[in-house]
Every structure is written in C-alpha cells, then in structure tokens.
Amino acid sequence: MATAPSAASRIAIVTGASSGIGAATARQLAAAGYRVVLTARRKDRIEAVAEEINAAGHSAAAYQLDVTDRAAVDEFASAFKTVGVLVNNAGGALGADPVATGDPAHWRSMYETNVIGTLNLTQALLPKLVASGDGTVVVVSSTAGHGTYEGGGGYVAAKHGEHVLAETLRLEIVGRPVRVIEIAPGMVKTDEFALTRFGGDEQKASKVYEGVADPLTADDVAETITWTVTRPSHVNVDLLVLRPRAQASNTKVHREP
C-alpha cells in the first residue's frame with residue numbers, strides 16, 4: 001500500500017505535465033495525497049489537467065514554465081519553502097536520422113530539454129527538497145539512456161546524459177534526506193511522443209507501434225513512478241527499467257503480422 005506523504009513533503013512538482021506521462025503522473029500523485037504543481041509550456045493544457053484533478057477532490061495548481069529558461073525556473077522555485085517530490089519528466093525526441101545526417105538543431109534541442117531542463121529544476125529545487133526533510137527527485141529517462149540504436153543518436157545521447165546526471169547526483173548528496181530515483185521506460189504509446197519525433201507525420205508515428213499488441217501506456221509509467229515515490233523514506237529505487245512484454249530490448253520487439 002502507498003504511504004501517505006508527510007505534511008512537510010506533500011508538494012509534488014511534475015514537469016512536462018501537459019500530456020502523456022507527465023499528466024498521468026500528476027493525476028496519480030494527487031490521488032496518492034500530494035499537492036501537485038503541474039508545469040509545462042502549454043498553459044491551457046496544464047490548467048485543464050489541474051482543473052480535472054481538483055474536480056476529483058484532490059489538489060493541483062498549474063504553472064506555465066519552460067524548463068530550459070533558467071531565470072524562469074529560479075523565479076518559479078522561489079515560491080516554495082519546501083518541496084517533497086520533483087518529477088523531471090519534461091523532454092522528448094526529435095527526428096530519427098543517422099549521425100551522419102542528423103540535424104544539429106534537433107540534437108541541441110533534445111539536450112537542452114532533457115538534460116539542461118532536468119539540471120535547472122533539480123538545482124533550483126534541491127534546497128527545498130532538503131528542507132522538507134524527506135525529499136525525492138525522480139528523473140524520467142528512457143531505455144535509450146541505457147542502450148544505443150540506429151537512428152536514435154541525438155535522443156540516446158541526451159537520455160544517457162540524464163541517466164548520468166541522476167547517478168552522479170545520488171553519489172553527491174548521499175547522507176542528505178533526499179532520494180534520487182530514475183525511471184527508464186521502453187516503448188510507451190502516448191498521443192504525442194512519436195508524432196512530435198516525426199514532425200507530425202502520422203504515418204511514421206504509427207509505424208513505431210505497428211504490430212505491437214500492448215505497448216506501455218502513460219498510466220503504466222505513472223503508476224510505477226507513484227509506487228517508487230510512495231515507498232518508505234529509507235527505500236530508494238535507484239533505477240527501474242520497464243518495458244512492454246513484447247519488447248526485449250531497444251532493437252528487439254515482437255510484432256504481430
């Protein structure tokens with residue numbers, strides 16, 4: 001059973017919460033008793049999710065934020081004395097070109113959002129997490145952060161960076177009252193991930209999941225995140241990799257004919 005958050009640590013901030021894994025995580029953490037703050041660039045989307053959460057009898061607020069804008073992140077963080085949970089979910093993939101022809105702008109954008117965005121929020125909120133006496137940093141990386149595949153160089157590099165950030169932070173803050181958890185999902189079917197990666201090309205996006213009976217859902221990942229966050233304070237789930245049964249690795253997927 002989930003452990004109810006303490007009064008000192010009941011604020012949970014979720015980045016990239018306008019859709020997909022972020023929105024699902026906000027819903028599930030709110031249901032677990034946290035006061036959830038949803039952040040994303042799309043103000044209308046996070047406000048709609050926050051309204052839905054509040055209508056269900058839980059507590060949520062929306063805050064428009066670009067995680068790559070450090071000044072905006074610092075201003076956002078200044079509003080809190082303590083924070084219990086930070087879920088670094090903002091990120092994503094752009095393109096699937098080989099290294100030889102990949103767009104450097106795509107690589108730069110992926111690094112800025114996935115790595116620098118995570119760094120910005122973590123640095124700005126770490127003192128607040130420590131002040132709670134029972135903080136948790138969650139980094140939503142990817143199985144791409146643990147193995148390469150053709151056409152994924154830029155995204156793989158960014159997610160490897162995010163993995164190393166989490167692993168290093170855990171070493172550096174050991175002894176402080178903050179856990180560092182990395183969740184590395186494999187194939188997750190959401191409304192936007194593949195569509196964004198392929199520039200809105202619905203045909204290319206649909207081929208990613210073609211023949212895969214049951215890819216993971218955003219709720220599957222959100223449930224996993226919520227489970228790790230709600231373990232007793234002394235339990236740190238360092239790294240949790242989850243994939244659909246049909247996916248054995250980044251490059252080995254069973255597809256029905």
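**Entry 1: charges**

I began with the charges of the protein chain: the mean positions of its 24 positive and 28 negative charges are 4 Å apart. For this count Lys and Arg are positive and Asp and Glu negative, while His and the chain ends are not counted. I placed each charge at NZ of Lys, CZ of Arg, CG of Asp or CD of Glu.

**Entry 2: what I am looking at**

I noted that this is a predicted model, where local features need pLDDT of at least 70, side-chain atom pairs count only at pLDDT 80 or more, and totals for chains, interfaces and linings use all residues. Residues are numbered from 1 along each chain as its sequence is written, and side-chain values use heavy atoms, with hydrogens and water left out.

**Entry 3: the whole chain**

I found 8 helices and 7 strands in the protein chain. Helices (H or I, at least four residues) and strands (E, at least two) are DSSP runs, numbered from the N terminus.

Next I looked up the overall dimensions. The C-alpha trace spans about 50 × 35 × 35 Å along its principal axes.

The accessible surface of the protein chain comes to about 12200 Å², and 52% of it belongs to carbon and sulfur atoms. Such areas come from the Shrake-Rupley method with a 1.4 Å probe; for residues, only the protein chains shown count as cover.

How many of the 257 residues count as buried? I got 47%. Buried means under 20% relative accessible area, exposed means over 50%, and partly exposed is in between (1.4 Å probe, protein chains only).

I also checked contacts, meaning heavy atoms within 4.5 Å. Among contacts between residues at least 6 apart in sequence, 71% join residues at least 24 apart.

**Entry 4: the cores**

In soluble globular proteins, nonpolar side chains tend to be buried together. I therefore searched for nonpolar cores, which are sets of buried Ala, Val, Leu, Ile, Met, Phe, Trp, Tyr and Cys residues joined through side-chain atoms within 4.5 Å.

The largest nonpolar core has 34 residues, and those with the most contacts inside it include L29, V138 and I225. Helix α1 (residues 20-31) gives the most to this core, with 6 residues. There is also a second, separate core of 24 residues, with L86, A124, L126 and V180 among them.

I then listed what V138 touches beyond four places in sequence: L86, V87, N88, I181, I183, I225 and V229.

**Entry 5: A40**

I picked A40 in strand β2 (residues 35-40). Buried or exposed? A40 counts as buried, because its relative accessibility is 6%. A40 and S18 are 22 residues apart in sequence, yet their C-alpha atoms are 5.9 Å apart in space. S18 is also on the contact list of A40, along with G16, A17, I46, Y63, Q64 and L65, once neighbours within four places are left aside.

T118 is buried with a relative accessible area of 2%, and A124 counts as buried at 12%.

Which residues do they meet, leaving aside neighbours within four places? T118 is in contact with N88, T113, V139, E162 and L165. A124 is in contact with R70, V73, D74 and A77.

T226 sits in helix α8 (residues 218-229) and counts as buried at 8% relative accessibility. Beyond four places in sequence, T226 touches Q28, L29 and A32.

T217 is in the loop between α7 (202-208) and α8. I classed T217 as partly exposed, because its relative accessible area is 35%. Leaving aside neighbours within four places, T217 is in contact with V188 and K189.

Where is T148? T148 lies in the loop between β5 (135-140) and α5 (153-172). At 62% relative accessibility, T148 counts as exposed. Its contacts beyond four places in sequence are V156 and T251. The C-alpha atoms of T148 and H160 are separated by 9.4 Å, and the two residues are 12 apart along the chain.
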